[in-house]
Amino acid sequence: MLSKRTIIGLVVGSIIIAIGGLSLIQHLGPITVNENYVLSVGDSTFYTIPAPASTPQSMKIVGEAFDLKLESPADGLQIPKTSYKKELDINWVHLEDGETKIQIQNTGNSELEISGVLIRSSDPLWFTFDIMVITSGMVIIGFSMGFTLRKPKGF
């Protein structure tokens with residue numbers, strides 16, 4: 001017969017393992033990020049987008065005036081620091097694995113709205129974190145199983 005502590009440990013450990021497993025599945029492969037950001041007057045922002053080959057990227061920037069510099073890996077899209085007014089819609093494809101670097105500076109008198117769909121590589125740190133969560137669920141189950149054992153005489 002299982003004790004209450006063992007049953008609680010099994011349930012909690014199983015839930016933690018399930019959460020870690022689902023998270024692990026979500027972190028495999030490329031990740032789609034929907035970016036919506038507002039940049040104040042005079043501020044700048046910097047994006048680094050690590051992505052595998054053949055992944056499409058798109059970004060739309062709307063504002064009074066802004067400067068943009070974009071560097072894509074290999075012979076991909078390259079835009080030296082250029083000034084723009086009103087709106088810019090950029091679409092590009094990563095030709096090989098690498099990082100796209102984007103620098104945006106708001107030079108206008110109004111806020112700058114940045115939106116886009118960016119596809120990036122998953123971070124290996126998340127894989128490690130998910131494995132640690134699954135392992136902690138297994139440890140909880142292991143400890144809870146110790147409550148079902150008979151205690152030897154003298155304890």
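Predicted model: local features only at pLDDT ≥ 70, side-chain atom pairs only at ≥ 80, totals over all residues.
**View 1. Thr45 sits in strand β2, which covers residues 44-51.** Strands here are DSSP runs of E with at least two residues, and they are numbered from the N terminus. Residues are numbered from 1 along each chain as its sequence is written, and side-chain values use heavy atoms, with hydrogens and water left out. Is Thr45 buried or exposed? Thr45 is buried, at 14% relative accessible area (buried is under 20%, exposed over 50%, partly exposed in between, with a 1.4 Å probe and protein chains only). Setting aside neighbours within four places in sequence, Thr45 contacts Tyr37, Leu39, Ile102, Gln103, Ile104 and Ile114 (contact means heavy atoms within 4.5 Å).

**View 2. Glu87 and Lys60 form a salt bridge through their side chains.** The N to O distance is 3.6 Å (a salt bridge is a side-chain nitrogen of Lys or Arg within 4 Å of a carboxyl oxygen of Asp or Glu). Because Glu87 belongs to strand β4 (residues 78-93) and Lys60 to strand β3 (residues 56-71), the pair ties together parts 27 residues apart in sequence. Glu87 is partly exposed at 45% relative accessible area, and Lys60 is partly exposed as well, at 34%.

**View 3. Lys69 pairs with Glu71 in a salt bridge.** Their closest N and O atoms are 3.5 Å apart. Lys69 is partly exposed, with 33% relative accessibility; Glu71 is also partly exposed, at 35%. How many salt bridges does the rule give? The count is two.

Notes: Helix = DSSP H or I, 4+ residues; strand = E, 2+ residues; numbered from the N terminus.
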